[in-house]
Amino acid sequence: MSHESYRVLVADASTPVGRALVNYLADTDYVVRALVTDRDREASARRAGAAEVCVADLTTGQGLDGAVSDVDAICCSVRDTGLSHVVGQLEAGVGIRNLVDAASGADRPYVVLHSKVGVGDSHSGMVLPVRLLKYRLIRALDATERYLRDAGVPHTILRTGRTTDREGTGSVATSEGENAVAGRIPRPDLAWVMVAALTTPEARNRTFEVAEVASPTHEGVAFEWRGPEAGLVARRSGYSIPS
């Protein structure tokens, strides 16, 4: 990498979580590049604080090579809405896989993926009726998570329940494995954890569940998330915390 700054791509920056990510990153030392799927959303991404904006089609892959060019990390939260959970094509998984493929050929940036509690070994965090209703979505996200792990790209996967508009508290529960924490999480808190994954070496190439709590808890996770509020900014070399 020829640049000294650490550039983070937010994809898709027009989703609710994506907007929270851009808002949070804009107040850090990271350079924020927003990926939007519609040129009409470019102005709103810049108003939210993005230094750079690119337009790309996640489902076809058009424009993704330019989007991932010279980026050091990708914070990814795309979604399928409405009846796509039940019928029709689930495009989020396709878009994420296209993004991972583009990243694999772009000097392997770090990927932080927002997934859902209920996927994989976190199935206990989603009640059975909901799991049955969202079976297609859960299955697609499980395949997407496995695709990212198998791609050999450095990554962290964060599974959550419903995200909300509430103000962030900076306090989350973190679990890993079968005893999944479940519950809602404010989008500012999710954005904080996703960015903190870049400067928390223990999180590399692992999958966690996070949820809102009154005070931080760690179920089987023996570390604390450490991010920009602690004066930490990732560096390209080994994605290490600056000494």
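Reader: In which strand does R159 lie?
Author: This is a predicted model, in which local features need pLDDT of at least 70, side-chain atom pairs count only at pLDDT 80 or more, and totals for chains, interfaces and linings use all residues. Residues are numbered from 1 along each chain as its sequence is written, and side-chain values use heavy atoms, with hydrogens and water left out. Strands are DSSP runs of E with at least two residues, and helices are runs of H or I with at least four, numbered from the N terminus. The run that covers residues 155-160 and holds R159 is strand β6.

Reader: Is R159 buried or exposed, and which side chain does its own side chain contact?
Author: Buried means under 20% relative accessible area, exposed over 50%, and partly exposed in between, with a 1.4 Å probe and protein chains only. At a relative accessible area of 2%, R159 is therefore buried. Its side chain makes a polar contact (here, a donor and an acceptor N or O atom within 3.5 Å) at 2.7 Å, and the partner is the side chain of E145.

Reader: At what angle do helix α1 and helix α7 pack?
Author: Axes are lines fitted to C-alpha atoms over the stretch in contact, and angles run from 0 to 180 degrees between N-to-C directions. For α1 (residues 16-25) and α7 (residues 187-196), the axes are 8 Å apart, and the angle is about 65°.
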